[in-house]
Structures are given as structure tokens and as C-alpha cells.
Amino acid sequence: MSADKKGKPEKQHKDRSYDGDAFIAQFALRGAREIIILDADGNTLRSTVSPRRTFVYVSSLKPLVTMARNVVRDLNPSNDVTFMRLGSNGGEVHIALGTDFILIVIQRIKRKSTTQK
Amino acid sequence: MQAAQTEPKRTKTYTDEVYRLLEEKPGVEDILIMNCSGVPIKTSMERQDALQHACLYENLREKCQAFLSKMEPPQLLTVLRVRTRLHEALLTPDGKITVLVVQNPKDTHLKVQDLKGNSLTI
């Protein structure tokens, strides 16, 4: 199941429709199960989490991205954000900002005692 | 019992030591150390720039912390990294101080992706 990066062509369920996707599987090697792809305006294009949860994430992360952009531009008008990484004890959130899209990857560090999604 | 992990002593000597160690690292452009209320206490930048950086990044850090607290389970921010085209800013909350470092990153991963022939960007 190589060719297509984005997995199945038709999407009936957003959740779990990417289990066979090699691209997603590579992320999952490092514990990153939650991947959200947005276009430049913030509309969700693809997501591996349920729509409700995606909405919750995006609604808090999109303003964060905008804010970071403003911060960086304030300090140096020719500068622009390309990547943001929020690290914590339990996991990390990586946000990549391309010219046409925004990619969000949420990664969990698995501990032996508890298994998290 | 000592809660040594959460609130260790952050004395002046500690901040001086941190500053010195950071200065020696390659690629570091600017260092800014703030106290618990976000006021810069030791910096290599101009006064004006330092205040501006501190203010803006503290704001951003609070928003990030708010986001992480909303997730399940609620977590504390350990590091905030903002990579821009020209440089990279790392903000590390650390007990009673916050360390902000502006450095020149080296994007080695970009080369790797070209070699692999993948069209995965960024």
C-alpha cells in the first residue's frame, strides 16, 4: 500500500481511516498518534482524531499559531515562523507552518504503567 | 520532606552559571533570563530588545501553558521552541526563572529528506 501519501481516497470515517497509511505509521513509531493537517486558513483537511476533538485542538492551537507569528513579526518584520514545538512531561505538540498548510502532530510519551492514546 | 524537584534554589550564582554555560554553546546569539514575574534579570541584549522579547514571549508561553492544561492529562510546559526562518528561540521555564535563548539553528534534517527522495516537506 505504498503510492498515496494520504491513504484511502474516500473518507467515510475520519477516525481510524489512516491505520494502513505508511506515512501515519511512521509518525506512530515515535508515539505520535494524533495528526491534524489544516490549510492556511485553518480549515481541517485531514485528521486522525475524531472531528469533535480536532475541533477542540484546532480552536486552541490556531490562535496560538497566530500569536506566535505576531510575536516573531514584532521582533523582526522580515522573519516568519516555520515551526513550533510545545514540550511537556507527558508529550509534545509539534506545529509546522508551511506556506499553504499547517501540520499539527501530538505526541505522547508512553510510560510503562499507563497506556495513553 | 524536601520538595527539591519542584522548587530548587535559584540563586544569583545559579543564574550566572546558567548564563555562562549557555554562552559557551555554539550557535547561541542571545540569552535572556527572567525571574518569576517575567522581568529580565540577566541578558545579553539591549535593554529595549530584552524587554520586548521578554514581554512577547511570556505572553506566548502563557497561552501555550493554557493549551497544555486543557489537554488530558493536564501537563506543565517544559520547553517552548519557536523556529523561524532566521533563528530559533527556546523558552524554558525552570522553577523560579525562565530562560530564553535565541540561537542559530542548523537544519540538518532538510538534507536527509532530499537524499531519501521524499517529498515530505518540513
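Predicted model: local features only at pLDDT ≥ 70, side-chain atom pairs only at ≥ 80, totals over all residues.
**Exercise 1.** Find how strand 3 of chain A and strand 3 of chain B run, and how many bridges join them.

*Solution.* Start with strand 3 of chain A, then look for strand 3 of chain B, residues 77-84. The two strands run antiparallel, and seven bridges join them.

**Exercise 2.** Work out how much area is buried between chain A and chain B, and which residues in chain A lose the most.

*Solution.* The size of an interface is often given as the accessible area lost when the parts come together. Here that comes to about 2,900 Å², with carbon and sulfur atoms giving 65%. On the chain A side, M67(A), L75(A) and R85(A) lose the most area to chain B, and together they make up 18% of what that side buries.

**Exercise 3.** Describe which residues and elements make the contact.

*Solution.* Count residues to begin with: chain A brings 35 and chain B brings 31. Next, check the elements of chain A: helix 2 (51-75), strand 3 (81-88), strand 4 (91-97) and strand 5 (101-108) each supply at least two residues of the side that touches chain B. Helix 2 of chain A gives the largest share, 10 residues. Last, sort that side of chain A by class: 18 nonpolar, 12 polar and five charged residues.

**Exercise 4.** Count the salt bridges and the residue pairs in polar contact between chain A and chain B.

*Solution.* Salt bridges across the interface: zero. Polar contacts are another story, with 13 residue pairs, both partners at pLDDT 80 or more.

Note on methods
Residues numbered from 1 in each chain as written. Chains lettered and ligands numbered in written order. Heavy atoms only, no water. Contact = heavy atoms within 4.5 Å. Buried area = accessible area lost by both parts, 1.4 Å probe. Salt bridge = Lys/Arg side-chain N within 4 Å of Asp/Glu carboxyl O. Polar contact = N/O pair within 3.5 Å; in protein donor to acceptor, adjacent residues only side chain to side chain. Helix = DSSP H or I, 4+ residues; strand = E, 2+ residues; numbered from the N terminus. Nonpolar A, V, L, I, M, F, W, Y, C, P; charged D, E, K, R; others polar. Pairing = 2+ DSSP bridges.
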